[in-house]
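Visitor: I have a chain on screen and some questions about how its parts meet. Can you take me through it?

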Amino acid sequence: MEDIQLHTVFGSSLSIITAIITICALSFKLVSHLVRAFEWHDRYLVRKRLSELESVRNSTEKLPLFTQYIDDALAVEGFRIASGITTSPKKMNFLMQLSKEGVWTNAQLRSASKYLSVAPGAEEPVLTIGFADLVGATLGLIAALGTLTLGSVYFLQMVFAGKPVFWLFGLGIFLAFLLATRLFITDFIDYKVVKRIHLHERLKKDAV
């Protein structure tokens, strides 16, 4: 009887471990396929526009104004490929100045780009943080915490159900809720990053 119980316990544990390894292997293959897809997209779609702009640039020497427009478009497109940020020339220059400081990562620069605004007649963009941004960040944090809590509850319910297949199903649900949590918390992360950048820039100006 004891041998049967031990076999059942170890058999269940082995099933759980096998299921987890299977999920990890499938996830790794999925990520590798996604990486290849992004490489294909970068090579044949993203860089295609850059090549087209360069070919147009070679035929606009007699049109100074249009040549300047193409040069700006080339700069913005090159910046988009390098950073993943689609923006205007003025905002691009602002972000490159931030990057030049060597303090902020590319992900933090992407967060900053969402809060950049250029007032009519202004020469340079500024980081604008309003009350609506605070509300959005707070709601995003609440939604993220609620989603994570709900996913954890579902996972624990499946674990306490006792069957390995329920563990596997619960893990899948938890991973889905974890992904949703990351999406919900994006606004909060962006808000905190921009607050840090804004404070850093203000302290830098005060020091001068």
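Visitor: Which residues does Arg57 touch, not counting residues up to four places away in sequence?
Guide: A caution comes before the names: this is a predicted model. Arg57 lies in helix H1, residues 2-57. Contact here means heavy atoms within 4.5 Å. With residues up to four places away left out, Arg57 touches Thr67, Ile70, Asp71 and Leu74.

Visitor: How far apart in space are Arg57 and Thr67, C-alpha to C-alpha?
Guide: Thr67 is one of the residues that Arg57 touches. The two are 10 residues apart in sequence. In space, C-alpha to C-alpha, Arg57 and Thr67 are 6.5 Å apart.

Visitor: Is Arg57 buried, partly exposed or exposed?
Guide: Buried means under 20% relative accessible area, and exposed means over 50%. Arg57 has 24% relative accessibility, so Arg57 counts as partly exposed.

Visitor: What about Arg80: buried, partly exposed or exposed?
Guide: Arg80 is found in helix H2. Its C-alpha atom is separated by 9.2 Å from that of Met92, 12 residues apart along the chain. The relative accessible area of Arg80 is 25%, so this residue is partly exposed.

Visitor: Are H2 and H3 parallel, antiparallel, perpendicular or oblique to each other?
Guide: H2 covers residues 64-83 and H3 covers residues 89-100. Their axes come within 10 Å and cross at roughly 45 degrees. Angles under 35 degrees count as roughly parallel, and 65 to 115 as roughly perpendicular. H2 and H3 are therefore oblique.

Visitor: How many residues of the contact of H2 with H3 are charged?
Guide: From H2 come Asp72, Ala75, Val76 and Phe79; they meet Pro89, Met92, Leu95 and Met96 in H3. The residues of this contact divide into 7 nonpolar and no polar, and the charged count is 1.

Visitor: Is the crossing of H3 and H4 left-handed or right-handed?
Guide: The axes of H3 and H4 come within 10 Å. They cross at roughly 145 degrees. H3 passes H4 in a crossing that is right-handed.

Visitor: Which residues of H4 make the contact with H3?
Guide: The residues of this contact divide into 4 nonpolar, 2 polar and no charged. H3 brings Leu95, Leu98 and Ser99. On the H4 side the residues are Leu109, Ala112 and Ser113.

Visitor: Staying in H4, is Ser111 buried or exposed?
Guide: Ser111 sits in helix H4, residues 106-113. With residues up to four places away in sequence left out, Ser111 touches Asp190, Val193 and Val194. At 5% relative accessibility, Ser111 counts as buried.

Visitor: Which residues does Ile129 touch, leaving out those up to four places away in sequence?
Guide: Ile129 is in the loop between strand E2 (126-127) and helix H5 (131-161). At 28% relative accessibility, Ile129 counts as partly exposed. Its C-alpha atom is separated by 9.0 Å from that of Leu116, 13 residues apart along the chain. Ile129 touches Tyr115, Tyr191, Val194, Lys195 and His198.

Visitor: How do H5 and H6 run: roughly parallel or roughly antiparallel?
Guide: H6 covers residues 164-184. H5 and H6 pack with their axes 8 Å apart, at an angle of about 175 degrees. That makes H5 and H6 roughly antiparallel.

Visitor: How far apart are the end C-alpha atoms of H5?
Guide: H5 has 31 residues. At 1.5 Å a residue, H5 should span 45 Å. The end C-alpha atoms agree with that, so the value is 45 Å.

Visitor: Which residues are buried in H6?
Guide: Begin with its span: at 1.5 Å a residue, the 21 residues of H6 should span 30 Å, and its end C-alpha atoms are 30 Å apart, which agrees. The buried residues of H6 are Gly170, Leu171, Ile173 and Thr181.

Visitor: What share of the protein chain counts as buried?
Guide: The chain has 7 helices and 2 strands. Along the sequence they follow the pattern α-α-α-α-β-β-α-α-α. Of the 208 residues, the share that counts as buried is 23%.

Definitions and conventions: Residues numbered from 1 in each chain as written. Predicted model: local features only at pLDDT ≥ 70, side-chain atom pairs only at ≥ 80, totals over all residues. Heavy atoms only, no water. Axes fitted to C-alpha atoms, helices over the stretch in contact; angles between N-to-C directions. Helix = DSSP H or I, 4+ residues; strand = E, 2+ residues; numbered from the N terminus. Parallel < 35°, antiparallel > 145°, perpendicular 65-115°, else oblique. Nonpolar A, V, L, I, M, F, W, Y, C, P; charged D, E, K, R; others polar. Buried < 20%, exposed > 50% of the residue type's maximum accessible area, 1.4 Å probe, protein only. Expected span 1.5 Å × (residues − 1). Left-handed = near helix turned anticlockwise from the far one by under 90°.
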